[in-house]
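Dear colleague,

I am handing over the structure we spoke about, and it is shown just below. After it you will find my notes on what turned up, arranged by topic so that you can follow them alongside the view.

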Amino acid sequence: MAKTKKDGVAHINRKKDTLTAYAFISPWIIGFVCFTLFPIFFMLRVSLTNRKLNGASEFIGLKNYVNMFKSEAFWNSIRVTLFFTVIMVVVTTIWAVIMALLLNQRQRLNGIFQFCYFLPSVIPSVALAYAFRTIFGKEAGLFNALLSVFAGKSVAINWLYDHSTVYMVVFFITLFTYNTGQMMMIFRSGLSDVPRELYEACDLDGASAARKFFNVTIPMISPLVLFNAVNGCVSALNGSFALLYPLTGESGNPDGMTQVLSLLIYKEAFSNMKVGYSCALSVVLFIFAAVFGAVLFGLSQKLVYYEN
Amino acid sequence: MKAKKVLAMMMTMAMACGMLTGCGSSGDTGTALAPEQQESATAGDAGEASSEGGEGGKITICTWNDPNPNEELNMYLQCEKATGVDLEVTVIPESDYSSKLNQMVATKDDSIDVFIIWESDIANFVQAGGIVPLDDRLSGSSIDTGDFIDAVAELSDGLGGTYGLPWCAATEILFYNQDMFDAAGIDYPTNDWAYADFLAAAEKLTQKDGDTTSVYGCTLPNVQTWWAGVGGAGDQIYDPSTGQLVIGSGAEAFVGDCADMVSKGIMPEPSSDTADLFASGKAAMAWAGSWNIGTYGDSLGFNWDIATIPTNKEKYNTLHTGFYTINANSKNQEDAWKVIEYLMSEEGQTINSKASGNMSALKKIADQGAWKVEAATTIDNWEAMTDSLSAGIFGYTCLPAGVTGNAVSNFESAAMGQMTPAEAVKASSDYAAETIGY
């Protein structure tokens, strides 16, 4: 009987602890349900209607999806999104690693360099994009003016409207976004944690700098590479809007070459007032992000090295 | 342990309170918009003093333009004084204006009493029951609806009643640099100028420095004036019966002409530049909205004048306006009507014309000429405005912005030689067909 009473008290205590734990995590759970889970289900439901921005709505089944798969604008944006995401992740990750390696060198004024390299990252993407839009203007752009000084003749390259230069400029600008700066800081902290003994052992074996980089540095920071790649993917899929909308417009100039899915979603919802259709597009974006994440985690099983 | 529980409870309650606050309904002065996306000001903020309140209630009107800083030209402030209605002006940035208003209608928001809505939205708002008919109120009013310019009357007919009253009537015109015309020995453009005259003059006015152009004959059409060119070349552009974009051979011809001028350096390429090439003296002519007269005023460093957009196959001009409407969810529709009635009165329309340089859509008031911007001292050809307005119709402005924006993007690609004019027209038409009628 005494044993049963003891068990009962223990059970009540466990229950209290469990409730306390739930109470602690409930703010996050409430937030997750209200601001993540509910919008996802609401988006799925609205994607089956012809809802307009003014609220008029009728259930139309899968018609939005059928129309979407027939639309050239949709397929173009899928191609652009795929290309943009892959290249942006590769370019920004490589750049962040390079910057982190440079900052990891023991030299004077390292803190100042780090501050300067990180500074553009804290500028809001929209402001950054507008600034670069002005810099890369054809007639009155600062960059063309600089080139003209060096070339000794008038240079008027249409950086953001020419098929051959637009991607180069857009990917260059992504190097200054918050995402890249954040990656650099993460790599920097990861690099400082790589054991020195490993490099010393390499030195004893006469390994070249490149060998040390690919056989020691990269494996040791590979979990961070995975983390940054996943973050970069999500950022490229969702965050690219803030960069591209002010830079190349909602139609993704020139000729739809920069019209990523997030831009098309905005255009359909807020310029064409087709909220139901844009929700169907958002479902595709959601699936895209999930697939990218799954692929990266799948690759990580083979490529990422975990010490423990 | 107890402290932990209390902490957990407090955090949960704080979260719940925050959510309830966020989801709470808007009060008399609240709006559904985030603070950074809108600015609110009483009509008197721009002037020295506001109304003392008076006998009327409080009304909120939304617009995309800041009230005029000059008290005499602030029509909202003058409206307060004349009607006794406390009038608050909510300014929503132009880029978000239409979408914000649509969201307000969707959520039955009542924080705005008077919407100034665009041509492309009025039919949707009527359909969604977001605005009220004004016919009954108009029958007992001094506003002479029979005096509206024809295009306005036609638009109301299509809605099955009068749901909005036009706050002004603006159009598109040709701006030209008189000094450059003098230097090139070319006669100034007239309101009868043919399109061929324009093409020839643009070529003559172009100045080159080696391979590059130092002064363009004309600026590239902007998002508005592409349509003046396309319509002038014979295309219908907007079919009121179907709501569809109707472009074809006219668009191909005009886009082809622009591509030709771009390739010869007579017109600049589309670019990310935000500079106004005409205002900066780098282009001799520009097709642009009449509202630029007020912006240029006496600030340009050269003599300039205006003329009607050159006539191609037909005289075509897009009419621009906005409509004063009453929010169906407004709790103060009587005072909202008082405000609209004042703004549409001779006094209200005259102040608006003086402040904006836009004409009144009421012909008798427009004829008085208050829209002739005093600061634009070099303009002789004021008839260009009335002449343009006589050819004005509601065209591309009735189409969804995404459709026209997409078409302009295609036209620009064609102007750069990245696609043919025929491909640009086809791509634009295909996109319009899949978008309109959704």
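Please keep in mind throughout that this is a predicted model. Chain A has a mean pLDDT of 90, with 98% of its residues at 70 or more. Among the elements of that chain, helix α2 (residues 63-70) of chain A has the highest mean pLDDT, 95, while helix α4 (residues 110-118) of chain A has the lowest, 82.

I begin with the surface of chain A. A nonpolar patch of about 850 Å² is formed there by Tyr22(A), Ile25(A), Trp28(A), Ile29(A), Phe32(A), Val33(A), Leu37(A), Phe41(A) and Leu44(A). One of these residues, Phe32(A), belongs to helix α1 (residues 2-46) of chain A, and Phe32(A) is partly exposed, with a relative accessible area of 30%.

Two places in the backbone of chain A deserve a look. The peptide bond that leads from Asn253(A) to Pro254(A) is cis, with omega near -10 degrees, and Pro254(A) sits in the loop between α10 (209-248) and α11 (261-271) of chain A.

Of the 14 residues lining the largest cavity, Ala228(B), Gly232(B), Ile309(B), Pro310(B) and Asn312(B) are the closest to its centre. Helix α9 (residues 225-232) of chain B contributes the largest share of that lining, with three residues.

Helix α12 (residues 333-343) of chain B is largely enclosed by the rest of the structure, because eight of its 11 residues are buried. The buried residues in α12(B) include Trp337(B), Val339(B), Ile340(B) and Leu343(B), and also Gln333(B) and Asp335(B).

The last topic is charge pairing, where the count comes to 15 salt bridges over all chains. In one of them, the side chains of Lys81(B) and Glu71(B) meet at 2.8 Å, N to O. Lys81(B) is in helix α2 (residues 75-83) of chain B, whereas Glu71(B) is in the loop between β2 (58-63) and α2 of chain B, 10 residues apart. Lys81(B) is partly exposed at a relative accessible area of 46%, and Glu71(B) also counts as partly exposed, at 21%.

Another salt bridge joins the side chains of Lys363(B) and Asp150(B), at 3.9 Å from N to O. Since Lys363(B) lies in helix α14 (residues 363-366) of chain B and Asp150(B) in helix α6 (residues 150-159) of chain B, the pair ties together parts that are 213 residues apart in sequence. Here Lys363(B) counts as partly exposed, at 33% relative accessibility, while Asp150(B) is exposed, at 54%.

Finally, Lys138(A), Glu139(A) and Lys282(B) are linked in a network of salt bridges.

With best regards

Definitions and conventions:
Residues numbered from 1 in each chain as written. Chains lettered and ligands numbered in written order. Predicted model: local features only at pLDDT ≥ 70, side-chain atom pairs only at ≥ 80, totals over all residues. Heavy atoms only, no water. Patch = residues over 30% accessible without salt bridge, like charges linked within 9 Å, V, L, I, M, F, W, Y side chains within 5 Å. Areas by Shrake-Rupley, 256 points an atom, 1.4 Å probe, with all protein chains shown as cover. Salt bridge = Lys/Arg side-chain N within 4 Å of Asp/Glu carboxyl O. Helix = DSSP H or I, 4+ residues; strand = E, 2+ residues; numbered from the N terminus. Buried < 20%, exposed > 50% of the residue type's maximum accessible area, 1.4 Å probe, protein only. pLDDT = per-residue confidence, 0-100. 1 Å grid on protein atoms, 1.4 Å probe; cavity = no way out; pocket = protein on both sides within 12 Å on 5 of 7 lines; lining within 4 Å.
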